[in-house]
Amino acid sequence: MVLVAKVDNVEIVGRVSANGRIVIPKDIRDLLNIEDGDFVRLVITEVIKVPKSAKNGSNKKRKK
């Protein structure tokens, strides 16, 4: 049996990793009782592009 729990709008902004994964923060997973193996329906309403300089700028090590 599959149970579907409807929730009112919960909005988060997640970063897509190199392997295509998006993390749902733990406090949201706990709030919605999301467990390992659960399926989550995603509705993408916006894609926020970050300039490459902002992605790598502060974390990039400088070569000497």
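Let me start with Asp30, which is partly exposed at 49% relative accessibility; buried here means under 20% relative accessible area, exposed means over 50%, and partly exposed is in between, with a 1.4 Å probe and protein chains only. Before going on, the caveats: this is a predicted model, where local features need pLDDT of at least 70, side-chain atom pairs count only at pLDDT 80 or more, and totals for chains, interfaces and linings use all residues. Residues are numbered from 1 along each chain as its sequence is written, and side-chain values use heavy atoms, with hydrogens and water left out.

Back to Asp30. Its side chain meets that of Lys26 in a salt bridge, at 3.0 Å from N to O. The term requires a side-chain nitrogen of Lys or Arg within 4 Å of a carboxyl oxygen of Asp or Glu. Side chains of opposite charge can pair when their charged atoms come close. Asp30 and Lys26 are four residues apart in helix 1, so about one helical turn separates them.

Now the overall picture. The protein chain has two helices and zero strands. These are DSSP runs numbered from the N terminus, with helices being H or I of at least four residues and strands being E of at least two. Helix 1 covers 26–32 and helix 2 covers 52–56. How many of the residues count as buried? Of the 64 in the protein chain, 2% do. The chain exposes about 7400 Å², and carbon and sulfur atoms supply 53% of that; the areas come from the Shrake-Rupley method with a 1.4 Å probe, and for residues only the protein chains shown count as cover.

What does Ile28 touch? Leaving aside residues up to four places away in sequence, Ile28 touches Val10 and Ile12, where contact means heavy atoms within 4.5 Å. Ile28 and Ile12 are 16 residues apart in sequence, with 8.8 Å between their C-alpha atoms.

Next, the loop between the helices. Asn33 is in it, and Asn33 has a positive phi of about 55° although it is not a glycine. Asn33 counts as exposed, at 54% relative accessibility. Ile48 belongs to this loop between helix 1 and helix 2 too. Is Ile48 buried or exposed? Ile48 is exposed, with a relative accessible area of 53%. The C-alpha atoms of Ile48 and Val13 are 9.0 Å apart, for residues 35 apart along the chain.

Last, the surface patches. A patch takes residues with over 30% relative accessible area and no salt bridge; like charges are joined within 9 Å, and nonpolar side chains (Val, Leu, Ile, Met, Phe, Trp, Tyr) within 5 Å. Val16, Ile22, Val40 and Leu42 make a nonpolar patch of about 370 Å². Val40 lies in the loop between the helices and is partly exposed, with a relative accessible area of 42%.

The other patch is one of positive charge, formed by Arg15, Lys49, Lys52 and Lys55. Lys and Arg count as positive and Asp and Glu as negative, while His and the chain ends are not counted. The place of a charge is NZ of Lys, CZ of Arg, CG of Asp or CD of Glu. Lys52 is in helix 2 and counts as exposed at 67% relative accessibility.
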